[in-house]
Amino acid sequence: MTATKLNLKDRYRLLTRDLDWEYSYQNRKDVFPMEEFEGIKITDWSKWEDPFRLTMDAYWKYQAEKEKKLYAIFDAFAQNNGQQNVKDARYVNAIKLFLTGVSPLEYQAYNGFAHVGRQFGGVGARVACQMQSLDELRHVQTQIHAMSHYNKHFDGFQDFAHMHDRVWYLSVPKSFFDDARSAGPFEFMVAIGFSFEYVLTNLLFVPFMSGAAYNGDMATVTFGFSAQSDEARHMTLGLEIIKFLLEQHPDNVPIVQRWINKWFWRGTRMLALVSMMMDYMLPNRVMSWKEAWEVYFEEAGGALFKDLARYGIEMPAYAGTAIAEKEHLSHQTWSIFYNYTHAAAFHTWMPDEREMDWLSEKYPNTFDKYYRPRFEHWREMERAGERFYNPTLPMLCQTCQIPMGFTEMNDPTLVSYRQSVYKGERFNFCSDGCKDIFDHEPEKYVQSWLPVHQIYQGNCGGADVETVLKDYYKMNLGVDNMDYRGSPDEQRWKQWHNLQSAEDKLKKAS
Amino acid sequence: MTVAAITDDYSGERLDQVENFHGNQVVYVGWDRHLMFCSPIAFATPPATLFATLLDEMLPGAYAQHPEFKEVNWAEAIWHLNGEAFTPDRNKTLEEQGIDHKSILRITTPGLDGIKGSGT
């Protein structure tokens with residue numbers, strides 16, 4: 001008797017492996033033209049272990065159910081004026097950073113996985129990538145919906161996609177993903193599938209989602225839960241691609257190791273943004289950046305690389321520098337944004353006394369020695385009515401595109417400078433990691449679109465910074481940018497909660 | 001191999017060649033142990049800029065907010081150009097003393113180590 005209904009396993013096999021066919025009149029290399037140029041050798045695609053084990057009909061059903069719950073909560077959040085229940089309006093700046101810096105990466109990931117989901121010769125890998133591509137598209141949509149409510153009540157959200165393509169600090173995450181997407185399909189998978197989604201994802205999503213939970217942001221927390229099961233699948237895919245590549249051919253090992261070195265370093269540089277978010281932007285702290293780094297990279301990543309040692313894979317090349325930087329990263333990054341807040345679409349501020357004490361406690365080796373004097377000086381300037389803004393444009397790293405605010409780890413008072421000369425032109429970097437990435441593929445990184453240089457070349461709509469900010473970045477000056485203290489965001493927050501500053505009280509009393 | 005590409009002869013467009021800066025060149029300046037200014041500064045200025053202009057106009061515009069700036073004894077300042085020891089001549093142009101496009105000038109001011117000696 002023929003079964004009327006296939007079981008899940010059979011359906012899955014029919015959907016993936018059995019949908020493929022042999023090419024009888026086309027050359028296989030013409031069908032998959034990108035499979036060989038990176039030097040990766042695949043001997044048997046059938047060894048690919050399908051990590052998702054989901055069929056399309058099950059996928060739609062499952063995601064639709066999650067979506068229903070998610071949007072019900074968004075509605076409730078909006079109807080109950082959920083924006084008023086966050087801990088403090090300063091918190092909202094963390095999700096401005098998320099919407100402008102991270103959500104567009106979900107869209108880039110959707111593009112990237114759709115692309116490689118066409119390029120692999122193995123049907124199992126193609127289907128897995130196409131599924132992840134759909135997840136990423138869903139993530140960008142739900143994130144935009146989750147945060148759109150804040151756009152009605154706070155500044156700086158209005159042009160996030162436009163800003164992502166233009167604003168100086170957003171060129172950091174944008175160029176990270178552009179780099180991955182313009183690489184070959186296997187490098188993309190090691191970059192995004194493994195290094196980003198597997199090794200570093202807990203340092204990106206967990207801080208933002210726990211930060212949301214600790215600070216009363218129900219909309220973002222709910223999105224986080226809704227994405228969680230997807231992220232678990234993505235991590236499985238990331239690990240599968242690494243094991244598959246390493247098992248296919250020993251010649252793949254050094255290539256994969258170099259990609260891991262590169263993408264670990266690029267990832268940690270991008271996470272500088274998360275580090276300052278955790279230590280400075282959350283009114284209710286979850287844990288320090290240093291603690292998060294120790295749990296999620298040193299412990300979890302350490303165990304992972306121990307496991308990969310049997311393939312001949314070692315810890316990423318610059319892990320030592322990155323570990324030393326955990327003591328400094330957030331403070332140096334916050335300093336960069338404090339310097340250039342007049343050119344940012346979110347607010348910064350100096351930590352108050354209680355927050356400074358928390359930083360001293362969490363960073364006993366570095367905060368009081370290097371950073372407290374700096375911050376106290378800035379606070380004095382602010383109290384004297386001269387809040388410090390850096391009047392110049394910063395030097396940027398050619399590779400990561402972050403202002404050169406990172407220091408030598410053997411002397412944290414000195415900026416770390418590295419330089420290469422290529423075809424008679426100087427190129428400058430913030431670190432050995434960024435320099436080595438350039439030196440290996442200079443023809444790629446000579447194309448870096450460095451926002452400061454672009455302004456100086458006249459490509460950003462004006463010669464003076466104000467015109468660039470207003471017309472090219474589409475920032476509302478005096479509203480989206482500048483210090484939190486005195487911002488329209490702060491004024492509205494105080495109105496909602498009937499808070500008055502001591503200054504206002506005095507004015508009214510007199 | 002200077003890039004992993006699907007075509008053998010791939011070359012990238014160099015976006016920051018000096019020709020693209022309309023007569024200017026980029027010069028980076030960093031004042032060691034004064035991280036109140038979070039990173040070195042990027043100036044765009046003609047190669048024929050006198051070093052005196054850099055010292056007397058451009059640096060004060062950038063650094064005057066620092067309480068130690070007015071205490072700098074320029075006769076004692078130690079300079080590095082792209083990592084090499086360097087003695088600037090205030091009456092020569094940038095170009096004449098080898099400060100070319102995307103060069104880094106580092107200034108060390110002995111005795112001035114930032115606010116409370118913190119490197120700020």
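The questions and answers below concern a predicted model with chains A and B.

Me: How many residues does each chain bring to the contact, and how many on the side of chain B are charged?
Reply: Chain A gives 45 residues to the contact and chain B gives 44. On chain B, strand 1 (25-31), strand 2 (41-45), helix 1 (51-63) and strand 5 (103-108) each supply at least two residues of the side touching chain A. That side of chain B divides into 19 nonpolar and 18 polar residues, and the charged ones number seven.

Me: Which residue of strand 2 of chain B is the bridge partner of Leu393(A)?
Reply: Strand 1 of chain A, residues 393-394, runs antiparallel to strand 2 of chain B, and two bridges join them. The bridge partner of Leu393(A) in strand 2 of chain B is Ala42(B).

Me: Which residue stands opposite Ala42(B) in the pairing of strand 1 with strand 2 of chain B?
Reply: Strand 1 and strand 2 of chain B run antiparallel and are joined by five bridges. In that pairing, the residue opposite Ala42(B) is Tyr28(B).

Me: In what order do the strands of the open sheet lie, and which are the edge strands?
Reply: The open sheet has six strands with mixed pairing, in the order 1(A)-2(B)-1(B)-5(B)-3(B)-4(B). An edge strand here pairs on one side only. The edge strands are strand 1 of chain A and strand 4 of chain B.

Me: Which residue takes a positive phi in the hairpin of strand 3 and strand 4 of chain B?
Reply: His80(B) of this pairing stands opposite Ala85(B) in strand 4 of chain B. The hairpin has two residues between the strands, and the positive phi, near 50°, belongs to Asn82(B).

Me: How are helix 8 and helix 10 of chain A oriented to each other?
Reply: The axes of helix 8 (residues 185-214) and helix 10 (residues 252-270) of chain A come within 9 Å and cross at roughly 55°. The crossing of helix 8 of chain A past helix 10 of chain A is right-handed. At that angle, the orientation of helix 8 of chain A to helix 10 of chain A is oblique.

Me: How many residues of the contact of helix 8 with helix 10 of chain A are nonpolar?
Reply: Helix 8 of chain A contributes residues including Glu187(A), Val190(A) and Phe196(A), and helix 10 of chain A contributes residues including Trp259(A), Trp263(A) and Gly267(A). Two residues of this contact are polar and one is charged, and the nonpolar count is 10.

Definitions and conventions. Residues numbered from 1 in each chain as written. Chains lettered and ligands numbered in written order. Predicted model: local features only at pLDDT ≥ 70, side-chain atom pairs only at ≥ 80, totals over all residues. Contact = placed C-beta atoms within 7 Å. Helix = DSSP H or I, 4+ residues; strand = E, 2+ residues; numbered from the N terminus. Nonpolar A, V, L, I, M, F, W, Y, C, P; charged D, E, K, R; others polar. Pairing = 2+ DSSP bridges. Axes fitted to C-alpha atoms, helices over the stretch in contact; angles between N-to-C directions. Parallel < 35°, antiparallel > 145°, perpendicular 65-115°, else oblique. Left-handed = near helix turned anticlockwise from the far one by under 90°.
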